[in-house]
Amino acid sequence: MSIRVTTVSSLVRTIIAERWKQSYYNRAKKTWNFGADKAGIYTELCALGADPDPEKVEAIIGNRSWTTICCSSCSLYATTGAVEVGYDSDSATVILCGNCLLHALNLACYYGLLSTERLQEMFNFPR
Ligand SMILES: [Zn+2]
């Protein structure tokens, strides 16, 4: 099990063109999967450089899926980032926005999986 925080800005700063190629280019066959337009999109993404404007990326790809993080629980786009649980290839990934993460912690306290005292210690809340 692996847990990490992914921020929206890190998604955009990651070289999107390379992520695109990893997803759609078959290096063994040296062909693009899912249609020839994937190669053209790759070329356009490369032209944006290493720190591309998210709106330009969205215009090229045609949607926001490569520049935003969608919460698995509430299905809203996280504006700053989210926690990814199980992001390795051996697990199903769950992505939680801040509100849903707090809701999960609240449920954990309610059902006795986690004490409120432990939460206060972790977050150093004033008593
Ligand atoms: Zn959520």
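This report walks through the fold, the sheet, a helix pair and a few backbone details of a predicted model.

## Overall shape

Let's start with the big picture. The protein contains six helices and seven strands. From one end of the sequence to the other, these elements follow the pattern β-α-α-β-β-α-α-β-β-β-β-α-α.

How does the radius of gyration compare with that of a compact globule? For 127 residues, a compact globule would come out near 14 Å, but the protein has 19 Å. The C-alpha trace spans about 55 × 30 × 20 Å along the principal axes. As for burial, 12% of the 127 residues count as buried. Looking at contacts between residues at least 6 apart in sequence, 46% join residues at least 24 apart.

Three of the strands form an open sheet in the order 1-6-7, and the pairing is antiparallel. Strand 1 (3-7) and strand 7 (94-96) are the edge strands, each pairing on one side only. On average, neighbouring strands in this sheet are turned by 25° against each other, with direction ignored.

Now for the pairing of strand 1 with strand 6 (residues 81-85). These two strands run antiparallel and are joined by five bridges. Which residues face each other here? Thr-7 stands opposite Gly-81 of strand 6, and Arg-4 has Glu-84 as its bridge partner in strand 6.

## Helix 2 against helix 3

The crossing of helix 2 and helix 3 is left-handed.

Which residues make the contact? Helix 2 contributes Ile-16, Ala-17, Trp-20, Lys-21 and Tyr-24, while helix 3 brings Lys-38, Ile-41, Tyr-42, Leu-45 and Cys-46. In general, an α-helix has 3.6 residues a turn, so residues three or four places apart point the same way. That spacing is a handy guide when you look at the contact list.

## Positive phi values

Phe-34 is not a glycine, yet its phi is positive, at about 65°. Phe-34 is found in the loop between strand 3 (31-32) and helix 3 (37-47). Is Phe-34 buried or exposed? Phe-34 has 8 other C-beta atoms within 10 Å and is exposed, because 12 or fewer is the cut-off for that class.

Ser-75 is another residue other than glycine with a positive phi, near 65°. Its place is the loop between strand 4 (69-70) and strand 5 (77-78). With 9 other C-beta atoms within 10 Å, Ser-75 is exposed.

Helix 6 (residues 116-123) is hardly covered: among its eight residues, the count of buried ones is zero. Just after helix 6 comes Asn-124, which takes a positive phi of about 55°.

Definitions and conventions
Residues are numbered from 1 along each chain as its sequence is written. This is a predicted model: local features need pLDDT of at least 70, side-chain atom pairs count only at pLDDT 80 or more; totals for chains, interfaces and linings use all residues. Helices (H or I, at least four residues) and strands (E, at least two) are DSSP runs, numbered from the N terminus. The radius of gyration is taken over C-alpha atoms; the globule rule is 2.2 Å times the number of residues to the power 0.38. A residue is buried if 20 or more other C-beta atoms lie within 10 Å of its own, exposed if 12 or fewer, and partly exposed in between; C-beta atoms are placed from the backbone. Two residues are in contact if their C-beta atoms, placed from the backbone, lie within 7 Å. Two strands pair if DSSP finds at least two bridges between them. Axes are lines fitted to C-alpha atoms, for helices over the stretch in contact, and angles run from 0 to 180 degrees between N-to-C directions. A crossing is left-handed if the near helix is turned anticlockwise from the far one by less than a right angle, and right-handed if clockwise.
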